[in-house]
Amino acid sequence: MAQVAPEHRPARLVDKDLKNLLGFWRTVPEFATEWPEWDEDSRLDFIHEWPIERETLQRGADMAAAGLLNERQQCEWLELTRLIEIHRDTVEQMLGEPI
Amino acid sequence: MRLIHEEIEASPDDVDRIVRRIATAPFNQHPERVHARLRGVTYGSIVLGRMAPPLNLHLAKRVIEEEQWAVGTTADEYLNDLRRSVLHPAASVLVYARANGLVAATISPTDDVVPADRRGVNALPSLLVIYSARHGNVRTGYMFSALTKLNLPEGIRWLR
């Protein structure tokens, strides 16, 4: 991911980004189990909406790279990067493209 | 469909017709699966379960999860913002294929089409509206900061 200098972002919004991202990546195993039951429309919408996740992730990466996360946020970011490492292939299979 | 597969030229009238089609299309009404992390989310009278009407699902996501639109935005207001975006004279119009679906989309400047009091704290500069050519309905609309974030597929055609 390209790193750019992030704009100032209130802690509440950084927390919210991390909450949303962790909410997704922590539930990938459950999501993957359900995926075969998802109809084509629901799958397609997941794909169409993925750029929102990607942009949120990029914001987090920019904040982390710039050293702008507090201690708790750094811990959550670390957990997130580990989850992505574990589940990247699964999500990319569902998306049919790189995350 | 021919615009994508045969790369025929689209005349200004063709583009206008596509824009009008998107602007008058209904939002998808086929109930959709709700991701586990969103189940239990409430917004006004909306309570997300395992399935939800797409407009309710997308509105709750835009307002509660992503905060792109402000709390208080109604489904009609969200849909009207998307339609205003499609009809913006400077809207970019593009067509592409993704995951076996043929898509037409528009991109407009958010500030021109979403009133200030309806923009959330995470409002972003551009507004994307996606229309399914196969289903004849609007699939989604959300804000983004730059084209590079969309990861648009190869073979995309910019009609305007």
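Is V114(B) buried or exposed? Select V114(B) and see: it is buried, since 26 other C-beta atoms lie within 10 Å (buried takes 20 or more such atoms, exposed 12 or fewer, partly exposed anything in between, with C-beta atoms placed from the backbone). Before going on, note that this is a predicted model, where local features need pLDDT of at least 70, side-chain atom pairs count only at pLDDT 80 or more, and totals for chains, interfaces and linings use all residues. Residues are numbered from 1 along each chain as its sequence is written, with chains lettered from A and ligands numbered from 1 in the order in which they are written.

V114(B) sits in the loop between α5 (110-113) and β7 (126-132) of chain B (helices are DSSP runs of H or I, at least four residues; strands are runs of E, at least two; both are numbered from the N terminus). Leaving out residues up to four places away in sequence, V114(B) touches D81(B), R119(B) and L127(B) (contact: C-beta atoms, placed from the backbone, within 7 Å).

Next, the largest nonpolar core, with 35 residues (buried Ala, Val, Leu, Ile, Met, Phe, Trp, Tyr and Cys joined through C-beta atoms within 7 Å). Select I22(B), A104(B) and Y131(B), which are among the residues touching the most other members. β7(B) gives the most to this core, five residues. A separate core of nine residues includes F24(A) and W25(A).

Last stop: the contact between the chains, with 22 residues from chain B and 21 residues from chain A. On the chain B side, β8(B) gives the most, with four residues.

Note on methods. Contact = placed C-beta atoms within 7 Å.
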